[in-house]
Amino acid sequence: MFDWLQDVLVTLGHPGLWRLYRRVFVASLVDEGWRYAVFALALWLLLHVLLKRRLAHRLIGHWPRRADLLREIAYSLGTVAVFAALAAAVLALLVSGHVEIYDDPGKHGLTWFFLSIPLLVIWHDAYSYWSHRLLHTRWLMRRVHFVHHRSRHPSPFAAYAVHPVESLVVGLVILLPLLVVPLNGYVVVAFGILEVTRAVYSHAGVETMPRGFARHWLWGRFVTTTHHHLHHEAVRGNYALWFTWWDRWCGTERADYLERFDAATAPRPAPIEDGAGATA
Ligand SMILES: [Zn+2]
Ligand SMILES: [Zn+2]
């Protein structure tokens, strides 16, 4: 059953390939780190610095404290390292022929090429929901998932602020399907970008979707920043990542979600006029 693991270990033992493995680890470290830093920093700068006053009425809970921000960045570095190690493991599996990442989009048919991205997102959503539920069992919460929940009012940097074991669980989301199906290289890259965008957006702290979005028959099926923010505030409920359906099917969506979304998207209050202005 674990023949592939043995093959990978043999592959890793080869000095030339070991050098390649290390090179992929370093390259992935730079690539993952750069991508995460740009996305999280851009959203933080935009929402928490440049538009902070303008979006104050859209704040879901409280602005994160500086100590939270620093802790989130420190844990995120660990996650980037774990993701880089996993990328190198994918390379080892590629070399040993146990996974296939192909170049030509038509190699396994264009239908598979185009269908693989939405299928990966649906898989990502189900995998995240159920692994998240597992992380909320008492044993794993105390030892692993508590790290992520130290951010009661997260910043975009909370996206990767998790215990290294949780980083590993999160990172397996692309390796597991690769063990079953071939994926195009562009699809793998696009999924990586979608994954980081989704994670950072969920922790924005400020609701950016328009009023009525969460109650819409179609858009309401997408998880909003408010949805995940309530998970951080209350620790229980709203476990989903992409879509609201798992929480609704399993009865784990928070009862106050729509109310809180409405509050976060209420029109900006009119500026209070001073006494002199009002009587003039
Ligand atoms: Zn979170
Ligand atoms: Zn949680």
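A crossing of two helices is called left-handed if the near helix is turned anticlockwise from the far one by less than a right angle, and right-handed if clockwise. In this predicted model, local features need pLDDT of at least 70 and side-chain atom pairs count only at pLDDT 80 or more, while totals for chains, interfaces and linings use all residues. Residues are numbered from 1 along each chain as its sequence is written, and chains are lettered from A and ligands numbered from 1 in the order in which they are written.

By that convention, α8 passes α10 in a right-handed crossing. The axes of α8 (residues 225-234) and α10 (residues 257-264) come within 9 Å and cross at roughly 115°, where axes are lines fitted to C-alpha atoms, for helices over the stretch in contact, and angles run from 0 to 180 degrees between N-to-C directions. Thr226, His227 and Leu230 of α8 meet Tyr257, Arg260, Phe261 and Ala264 of α10, a contact being a pair of residues whose C-beta atoms, placed from the backbone, lie within 7 Å.

Also in α10 is Ala263, which lies 203 residues from Ile60 in sequence but 8.2 Å from Ile60 in space, C-alpha to C-alpha. Ala263 is partly exposed because 14 other C-beta atoms lie within 10 Å; a residue is buried with 20 or more such atoms, exposed with 12 or fewer, and partly exposed in between, the C-beta atoms being placed from the backbone.

The chain as a whole has 11 helices and 2 strands, which are DSSP runs numbered from the N terminus (helices H or I, at least four residues; strands E, at least two). Buried residues make up 34% of the 280 residues, and the C-alpha atoms fill a box of roughly 85 × 40 × 40 Å along the principal axes.

Two of the helices can be set side by side, the expected span being 1.5 Å times one less than the number of residues.

| Helix | Number of residues | End-to-end C-alpha distance | Expected span |
|---|---|---|---|
| α4 | 26 residues | 37 Å | 38 Å |

Ser116 is itself buried, as are Leu120, His124, Ser128, Tyr129, His132 and Leu135 of α4. The cover over the buried residues of α4 includes α5, α6, β2, α7 and α9. In α7, the buried residues are Val187, Phe191, Glu195, Ala199, Val200 and Ser202.

Technical notes:
Two residues are in contact if their C-beta atoms, placed from the backbone, lie within 7 Å.
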